[in-house]
Amino acid sequence: QVQLVESGGGLVQAGGSLRLSCVASGTIFSPNAMGWYRQAPGKQRELVAVIFSGGSPNYASSVKGRFTISKDSAKNTLYLQMNSLNPEDTAVYYCNYKRLLGRREDYWGQGTQVTVSS
């Protein structure tokens, strides 16, 4: 069992920055993918950024160059640095862990609200 707890959301003006954190507890198996997803009102949940246990990050085209995903394996913490925020980034942001080999494991955090005002 893995628990994911996000923090760092809030209200920010357009052009501002926020850093989200996600602390994972439990046993994290490698290889894995840890990522950030978001869901805006009336829209489907979408991938924002993902980082694999080998270290390679991938980004949605809408956030590339503005957002940076990183992790501190010693602290079991995943981060999302978000710069140059715009109102279209307003959503609930979710942390996700997927085990890529062995028993299927797919866990989600409770989400953290990010609101960007114009």
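Visitor: How many bridges join β9 to strand β10, and do the two run parallel or antiparallel?
Guide: This is a predicted model, so what follows describes a prediction. Strand β10 covers residues 105–108, and one of its pairings is that of glutamate 105 with arginine 99. Counting the links between β9 and β10 gives 4 bridges, and the direction is antiparallel.

Visitor: How many residues lie between β9 and β10 in their hairpin?
Guide: β9 and β10 form a hairpin, and in its turn glycine 102 has a positive phi of about 90°. Strand β9 takes in residues 91–99, while strand β10 takes in residues 105–108. The number of residues between the two strands of the hairpin is 5.

Visitor: Which residue meets the side chain of glutamate 105 in a salt bridge?
Guide: In general, side chains of opposite charge can pair when their charged atoms come close. For glutamate 105, the separation from N to O in the salt bridge is 3.0 Å.

Visitor: Is arginine 104 buried or exposed?
Guide: Arginine 104 forms a salt bridge with aspartate 106, with the closest N and O atoms 3.7 Å apart. Aspartate 106 has a relative accessible area of 26% and is partly exposed. For arginine 104 the relative accessibility is 68%, and because the cut-off for this class is over 50%, arginine 104 counts as exposed.

Visitor: Which strand pairs with β9 over 8 bridges?
Guide: Strand β9 has several pairings, among them one with β11 over 3 bridges, in the antiparallel sense; there, alanine 91 has valine 114 as its bridge partner. The pairing over 8 bridges is also antiparallel, and within it tyrosine 37 is the bridge partner of tyrosine 94 in β9. The strand in question spans residues 32–39 and is β4.

Visitor: How many of the 9 residues in strand β9 are buried?
Guide: A residue is called buried when its relative accessible area is under 20%. By that cut-off strand β9, which runs over residues 91–99, is mostly covered. The count of buried residues in β9 is 7.

Visitor: Why does valine 116 count as buried, and what is its relative accessible area?
Guide: Valine 116 sits in strand β11, which spans residues 112–117. Leaving aside residues up to four places away in sequence, it touches several others, including Val12, Leu85 and Pro87. Valine 116 is classed as buried because its relative accessible area falls under the 20% cut-off. The value for valine 116 is 6%.

Visitor: How far apart in space are valine 116 and aspartate 89, C-alpha to C-alpha?
Guide: In sequence, valine 116 and aspartate 89 are 27 residues apart. Aspartate 89 is also on the list of residues that valine 116 touches. In space, the C-alpha to C-alpha separation of the two is 6.7 Å.

Visitor: Which residue forms a salt bridge with aspartate 89 at 2.9 Å?
Guide: The 2.9 Å separation is between the closest N and O atoms of the pair. The two residues link distant parts of the chain, 51 residues apart, with aspartate 89 in the loop between β8 and β9 and its partner in strand β4. Both are buried, and both belong to a network of salt bridges that also includes Glu46 and Arg66. The partner of aspartate 89 is arginine 38.

Visitor: Which are the edge strands of the open sheet?
Guide: The open sheet has 4 strands in the order β1-β3-β8-β7, and the pairing is antiparallel. An edge strand here pairs on one side only. At one end of the order, β7 pairs with β8 over 6 bridges, and threonine 68 stands opposite glutamine 81 in β8. The edge strands are β1 and β7.

Visitor: What is the radius of gyration of the protein chain?
Guide: The protein chain has 0 helices and 11 strands, and its C-alpha atoms fill a box of roughly 45 × 25 × 25 Å along the principal axes. For 118 residues, a compact globule would have a radius of gyration near 13 Å, and the value for the protein chain agrees with this. That value is 14 Å.

Technical notes:
Residues numbered from 1 in each chain as written. Predicted model: local features only at pLDDT ≥ 70, side-chain atom pairs only at ≥ 80, totals over all residues. Heavy atoms only, no water. Buried < 20%, exposed > 50% of the residue type's maximum accessible area, 1.4 Å probe, protein only. Contact = heavy atoms within 4.5 Å. Pairing = 2+ DSSP bridges. Rg over C-alpha atoms; globule rule 2.2 N^0.38 Å. Salt bridge = Lys/Arg side-chain N within 4 Å of Asp/Glu carboxyl O.
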